[in-house]
Amino acid sequence: MAEPAAKICARCGREMLWRAKWAKNWDSVKYCSDACRKQRLTAIDTALEDAIVQLLNARARDASICPSEAAQRVGGEDWQRLIEPARMAARRLVAQEKVQITQGGRVVDPSRAKGPIRIRRFQ
């Protein structure tokens with residue numbers, strides 16, 4: 001029997017591969033870890049997604065943004081703590097096919113991207 005298709009975590013946006021321990025409830029699995037399940041999506045997460053879309057809409061069609069720009073827009077002076085949540089928001093938007101994550105101008109797998117990233121409209 002073939003394994004079910006991979007899913008995207010509702011919180012962090014990373015790819016979740018099927019595991020035997022999830023065999024009985026794979027259809028209801030939404031989060032990749034206990035940490036994601038406990039934190040769930042917040043109003044800040046939604047605000048970061050909206051900020052990414054707004055920032056991209058305000059720029060040229062082929063322009064990109066850094067996740068820190070969305071973090072600064074949402075977090076104000078305390079924006080540094082929102083860097084990873086902004087990256088998570090970008091990964092969720094990738095799953096919705098609204099944006100792409102790039103490194104060095106090339107599209108990368110958002111679940112495996114390490115280091116600085118850029119976000120651009122889905123092309």
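In what sense do strand β4 and β5 pair, and over how many bridges? They pair in the antiparallel sense, over two bridges. Strand β4 covers residues 99-103. One detail from that pairing: Q103 has R106 of β5 as its bridge partner. Before I go on, note that this is a predicted model.

Now the sheet as a whole. It is open, has four strands in the order β3-β6-β4-β5, and its pairing is antiparallel. The edge strands, each pairing on one side only, are β3 at 64-65 and β5 at 106-107.

Two helices pack here. Helix α2 touches β3, β4 and β6 of the sheet, and its direction makes about 65 degrees with that of β6. Helix α4 lies across β4 and β6, and runs at about 125 degrees to β4.

Next, helix against helix. The axes of α2, residues 43-57, and α3, residues 67-75, come within 9 Å and cross at roughly 120 degrees. That angle makes α2 oblique to α3. The crossing is right-handed. On the α2 side the contact includes I44, A47 and L48, and on the α3 side A70 and V74 are among the residues. By class, this contact has nine nonpolar, one polar and two charged residues.

Last, α3 and α4, the latter being residues 83-95. Their axes are 8 Å apart, at an angle of about 115 degrees. This crossing is right-handed. P67, S68 and A71 of α3 meet I83, A86 and R87 of α4. Those residues divide into four nonpolar, one polar and one charged.

Notes. Residues are numbered from 1 along each chain as its sequence is written. This is a predicted model: local features need pLDDT of at least 70, side-chain atom pairs count only at pLDDT 80 or more; totals for chains, interfaces and linings use all residues. Side-chain values use heavy atoms; hydrogens and water are left out. Axes are lines fitted to C-alpha atoms, for helices over the stretch in contact, and angles run from 0 to 180 degrees between N-to-C directions. Angles under 35 degrees count as roughly parallel, over 145 as roughly antiparallel, 65 to 115 as roughly perpendicular and the rest as oblique. A crossing is left-handed if the near helix is turned anticlockwise from the far one by less than a right angle, and right-handed if clockwise. Contact means heavy atoms within 4.5 Å. Ala, Val, Leu, Ile, Met, Phe, Trp, Tyr, Cys and Pro count as nonpolar, Asp, Glu, Lys and Arg as charged, and the others, Gly among them, as polar. Two strands pair if DSSP finds at least two bridges between them.
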